[in-house]
Amino acid sequence: MSETREAGQPDDGSGDTGDPGLGEGPEDGGLAAGIQPDIPGGVDDADGGETVGPDVPTDADVDPELRTLFWKLVLLYKLTVFGGTLGALLLVFDRGPNVGLELFGGAVVLLGYTLYRTGQAKTRIDAGEFHDGPEAGGRSAGATAGPGQEGEP
């Protein structure tokens, strides 16, 4: 029996590739037989114009002072990571040891300052200093209290 066959083809000549579900339709009794996509009937946001999911505040809903504080903290963390990484690499590979030590030391000091400012910002947010949207009273009505805090009725 000297038949030539392609790679992946069985010896029996049935044409089955051996991969279950590939090339087998519902009429063949394969894996796809009787499987239909599960499409919920109530979710159709394209026609109704309704939003599906939770309400996410946009930039217009966020207090400008809070947004500014957030981006300042992002910039401080980025500078900390960049300076610390570059300083450590310069120290490890012995390229500019004076500059590497200064960069790494400055990044450590900047990290301490950034963590301090983050703590201050968290305290201000928890105190309700920034408004969460249309209401001007701190937390929105749907917010839940964290552990050890009293929730609003």
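E129 is partly exposed, at 46% relative accessibility; here partly exposed denotes a value between the limits for buried (under 20% relative accessible area) and exposed (over 50%), computed with a 1.4 Å probe and protein chains only. The side chain of E129 meets that of R124 in a salt bridge, at 2.7 Å from N to O. The term salt bridge requires a side-chain nitrogen of Lys or Arg within 4 Å of a carboxyl oxygen of Asp or Glu. Salt bridges that share partners join E65, R124 and E129 into one network.

This is a predicted model, in which local features need pLDDT of at least 70 and side-chain atom pairs count only at pLDDT 80 or more, while totals for chains, interfaces and linings use all residues. Residues are numbered from 1 along each chain as its sequence is written, and side-chain values use heavy atoms, with hydrogens and water left out.

## The remaining salt bridges

The structure holds three salt bridges. One of them pairs E65 with R124, whose closest N and O atoms are 2.6 Å apart. Because E65 lies in helix 2 and R124 in helix 3, this pair ties together parts that are 59 residues apart in sequence. E65 is partly exposed, with a relative accessible area of 45%, and R124 is also classed as partly exposed, at 24% relative accessibility.

D126 forms a salt bridge with K122, with 2.8 Å between the closest N and O atoms. D126 and K122 are four residues apart in helix 3, so about one helical turn separates them. D126 counts as partly exposed, at 38% relative accessibility.

## Overall organisation

The protein chain contains three helices and zero strands, in the pattern α-α-α when read along the sequence. These elements are DSSP runs numbered from the N terminus: helices are H or I runs of at least four residues, and strands are E runs of at least two.

Of the 153 residues of the protein chain, 11% count as buried. Among contacts in the protein chain with a separation of 6 or more, 40% come from residues 24 or more positions apart; a contact means heavy atoms within 4.5 Å. The protein chain exposes about 12,300 Å², of which carbon and sulfur atoms supply 59%. Accessible areas come from the Shrake-Rupley method with a 1.4 Å probe, and for residues only the protein chains shown count as cover.

## Helix 2 and its packing

Helix 2 covers residues 64–92, 29 residues in total, and reaches 42 Å from its first C-alpha to its last, close to the 42 Å expected at 1.5 Å a residue. The expected span is 1.5 Å times one less than the number of residues in the helix. The buried residues of helix 2 are L69, L73, L76, T80, G83, G84 and G87, and they pack against helix 3 (97–126).

F82 also has its place in helix 2, but F82 counts as exposed, at 58% relative accessibility. The C-alpha atoms of F82 and F104 are separated by 9.6 Å, and the two residues are 22 residues apart along the chain.

D63 lies in the loop between helix 1 (45–48) and helix 2. D63 is buried yet has no salt bridge, and the nearest side chain of opposite charge, that of R124, is 7.1 Å away. In this assignment of charge, Lys and Arg count as positive and Asp and Glu as negative, whereas His and the chain ends are not counted. D63 touches F130 and H131, residues up to four places away in sequence not being counted.

D94 follows helix 2 and is placed in the loop between helix 2 and helix 3. Phi of D94 is positive, near 55°, in a residue other than glycine. D94 counts as exposed, at 56% relative accessibility.

## A nonpolar surface patch

L91, L101, F104 and V108 form a nonpolar patch on the surface, with about 350 Å² of accessible area together. Patches are made of residues with over 30% relative accessible area and no salt bridge; like charges are joined within 9 Å, and nonpolar side chains (Val, Leu, Ile, Met, Phe, Trp, Tyr) within 5 Å.

Helix 3 gives the most to the nonpolar patch, with three residues. L91 has its place in helix 2 and is partly exposed, with a relative accessible area of 33%.
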